[in-house]
Amino acid sequence: MAMGLIQVIARSMRRKRTSSLNILSSKRAPRDYYKGKNCKPTGFHTRKGGYVVQDEKLPNYVVPDLTDFKLKPYVSQCPREVQTAEATDAAK
């Protein structure tokens with residue numbers, strides 16, 4: 001009897017993972033817990049159910065002028081070997 005009780009306790013301790021205890025999801029938390037998607041809010045909710053977007057919270061992307069730019073936006077994963085004059089002089 002005592003040996004069976006010890007085995008049951010040992011099995012239950014073996015099954016618990018410490019990493020799974022640290023994960024908090026909406027299913028393991030209280031009812032009003034909302035985890036979200038790690039996004040920053042861009043405004044706020046009003047009392048009447050509306051939403052006000054604030055311009056200072058919107059992302060602002062600064063893109064330089066790329067006219068007359070020599071490089072292409074795509075970089076190949078398997079580039080071709082190109083021999084230049086400098087590479088051939090260094091090999092000699």
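Tyr 51 sits in strand E2, which spans residues 51–53. Strands here are DSSP runs of E with at least two residues, helices are runs of H or I with at least four, and both are numbered from the N terminus. The model is predicted: local features need pLDDT of at least 70 and side-chain atom pairs count only at pLDDT 80 or more, while totals for chains, interfaces and linings use all residues. Residues are numbered from 1 along each chain as its sequence is written, and side-chain values use heavy atoms, with hydrogens and water left out.

Tyr 51 has a relative accessible area of 39% and therefore counts as partly exposed. The classes are buried (under 20% relative accessible area), exposed (over 50%) and partly exposed (in between), with a 1.4 Å probe and protein chains only. Leaving aside neighbours within four places in sequence, Tyr 51 is in contact with Pro 41, Thr 42, Gly 43, Phe 44, His 45 and Thr 46. Contact means heavy atoms within 4.5 Å. The side chain of Tyr 51 also has a polar atom 3.0 Å from the backbone nitrogen of Gly 43. The backbone nitrogen of Thr 42 lies 3.5 Å from a polar atom of that Tyr 51 side chain. A polar contact is a pair of N or O atoms within 3.5 Å; within protein, one must be able to donate a hydrogen and the other to accept it, and residues adjacent in sequence count only if both atoms are side-chain atoms.

Val 52 is also placed in strand E2. Its relative accessible area is 33%, so Val 52 is partly exposed. Apart from residues up to four places away in sequence, Val 52 touches Thr 42, Gly 43, Phe 44 and Thr 46. Val 52 and Thr 42 are ten residues apart in sequence, with 8.4 Å between their C-alpha atoms.

Tyr 51, Val 53 and Leu 58 make a nonpolar surface patch of about 260 Å². Patch residues have over 30% relative accessible area and no salt bridge; like charges are joined within 9 Å, and nonpolar side chains (Val, Leu, Ile, Met, Phe, Trp, Tyr) within 5 Å. A salt bridge is a side-chain nitrogen of Lys or Arg within 4 Å of a carboxyl oxygen of Asp or Glu.

The chain as a whole holds three helices and two strands. Along the sequence they follow the pattern α-α-β-β-α. Of the 92 residues, 2% count as buried. The chain exposes about 10400 Å², and carbon and sulfur atoms supply 56% of that area. Accessible areas come from the Shrake-Rupley method with a 1.4 Å probe; for residues, only the protein chains shown count as cover.

Two loop residues were examined next. Leu 24 lies in the loop between helix H2 (18–22) and strand E1 (43–45). At 39% relative accessible area, Leu 24 is partly exposed. Not counting residues up to four places away in sequence, Leu 24 touches Ala 29, Tyr 33 and Lys 35. Leu 24 and Lys 35 are eleven residues apart along the chain, and 8.5 Å separates their C-alpha atoms. Asp 68 falls in the loop between E2 and helix H3 (85–91). Asp 68 is not a glycine, yet has a positive phi of about 60 degrees. Its relative accessible area is 80%, so Asp 68 is exposed.

A search of the whole structure found zero disulfides, defined as pairs of cysteine sulfur atoms within 2.5 Å. Cys 39 is exposed, at 62% relative accessible area. Cys 78 counts as exposed at 63%.
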